[in-house]
Amino acid sequence: MLENIRLSREGGSIIILDQTRLPGEVSYLELKTREELFDAIRLLKVRGAPAIGIAAAYGYYLCAATDKDQPDFFRSMDDAERYLASARPTAVNLTWALARMRGCLKRNALLPREELVAELKREAVAIHEEDIANNLKISEYGLALLHEGDGVLTHCNAGPLATSHYGTALGPMLLAAERGVKIRVFADETRPLMQGARITAFELMQAGVDVTLICDNMAAAVMKSGKVNAVFVGADRVCRNGDAANKIGTLGLAVLAKHYGIPFYMFAPLSTLDMDTPTGSGVRIEQRDPDEVTELYFKQRIAPEDVKVYNPAFDVVDHELITGLVTEAGIITAPFEENFEKVLGKYKNAEL
């Protein structure tokens, strides 16, 4: 598996795999400033809710290391947090990771500055290592849902490059390949940014998984043909009632799966739960550049000049359409709010 994000050896920069260049080129970028990290997140050079959170944690640490001698250090860190949080508004892991880093800052505020920065580095590394462990747990729970010969449909990319290792929705497929369980995967291309075509197909082929790429508007026909036994997708934000935001096009798959009686599972770590947002109507949906629809990834523009374009990055799946949310704590089913509270309560008690 390719490594998508890490601190440099000396700890003075973040090294990321530039996902905008896949699959044609494996290219790494070195990010040294908050502005470079902001652009990398905004332009999807690093993408996927957990990976964005990891990048933000490392970025917060780098800001502290850079600004540690400033007399207005704590104000500078507040500014850095707000700036990085604005890079992409929908994925909750971004703000979750930054809030966790802020908590570390507050707990250690009275330490000498060098020691404080060292604590922030340890916290960022811990966030990364915990994601690796959580991905394996999520993947194991997901694999338990699959049987030899099953067909799985997925959308966008929720593999190692969107997280840290194994991934979430792709994790069970990668584990299946490692353990000799034969499954078939249908990967939506995922217009307009083509994450399914460029990244999911790339990752699954590297792992030896039987993957077939389909256009987004072929999903209904593939489901109707009986080739799909389950739909596995990621999630960027899960609301208190179970509504869940994911890459645009996910809602349509959920509606189709309900119609054809196919289980629809969303995969995400518990850090993606947003208990402060009651329902999906409260999720701010990112609107992106119209050029992504009209000309990006095409040799020439495919739409008339000045045509109006609607380009939301995400849609929200109604909780009634979700069979279960696969997390590191297990598979959570309806009633979602009640069961989220139970799971989160157990985790808090375990930490105490």
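This is a predicted model: local features need pLDDT of at least 70, side-chain atom pairs count only at pLDDT 80 or more; totals for chains, interfaces and linings use all residues.

Reader: What is the order of the strands in the open sheet?

Author: Seven strands line up as β6-β5-β4-β7-β10-β13-β14, and the pairing is mixed. From one strand to the next, the twist averages 25°.

Reader: Which strands stand at the edges?

Author: β6 (210-214) and β14 (330-332) do. Each has a single partner strand, so one side of each has no neighbour in the sheet.

Reader: How do β13 and β14 run, parallel or antiparallel?

Author: Antiparallel. Strand β13 (residues 324-327) is joined to β14 by three bridges. Thr327 has Gly330 of β14 as its bridge partner.

Reader: Now β4. With which strands does β4 pair?

Author: One is β5 (residues 184-188): four bridges join it to β4, and the two run parallel. There, Thr154 has Ala187 as its bridge partner. Between β4 and β5 the chain passes through helix α6 (residues 171-178), and this β-α-β crossover is right-handed. Another partner is β7 (residues 230-234), which pairs with β4 in the parallel sense over two bridges. Leu153 stands opposite Val231 of β7.

Reader: How do I read the two faces of a strand?

Author: In a regular strand, side chains alternate between the two faces of the sheet. Take β4 (residues 151-154): Gly151 and Leu153 lie on one side, Val152 and Thr154 on the other.

Reader: Which helix lies across β4, β5 and β6?

Author: Helix α7 (residues 195-206) does, running at about 170° to β6. Helix α5 also packs on the sheet, where it touches β7, β10 (264-267), β13 and β14. Its direction makes about 135° with that of β13.

Reader: How do I describe two helices packed together?

Author: Use the angle between their axes and the distance between the axes. Here, helix α2 (residues 49-67) and helix α5 (residues 113-143) have axes that come within 9 Å and cross at roughly 170°. Angles over 145 degrees count as roughly antiparallel, so α2 and α5 are roughly antiparallel to each other.

Reader: Which residues make the contact?

Author: From α2, they include Pro50, Ile54 and Tyr61. From α5, they include Val117, Leu120 and Asp131.

Reader: How many residues of each class does the contact of α2 with α5 have?

Author: There are 13 nonpolar, one polar and two charged residues.

Definitions and conventions
Residues are numbered from 1 along each chain as its sequence is written. Side-chain values use heavy atoms; hydrogens and water are left out. Axes are lines fitted to C-alpha atoms, for helices over the stretch in contact, and angles run from 0 to 180 degrees between N-to-C directions. Angles under 35 degrees count as roughly parallel, over 145 as roughly antiparallel, 65 to 115 as roughly perpendicular and the rest as oblique. Contact means heavy atoms within 4.5 Å. Ala, Val, Leu, Ile, Met, Phe, Trp, Tyr, Cys and Pro count as nonpolar, Asp, Glu, Lys and Arg as charged, and the others, Gly among them, as polar. Buried means under 20% relative accessible area, exposed over 50%, partly exposed in between (1.4 Å probe, protein chains only). Two strands pair if DSSP finds at least two bridges between them. A crossover is right-handed if, with the strands pointing away from the viewer, the path from the first strand over the helix to the second runs clockwise.
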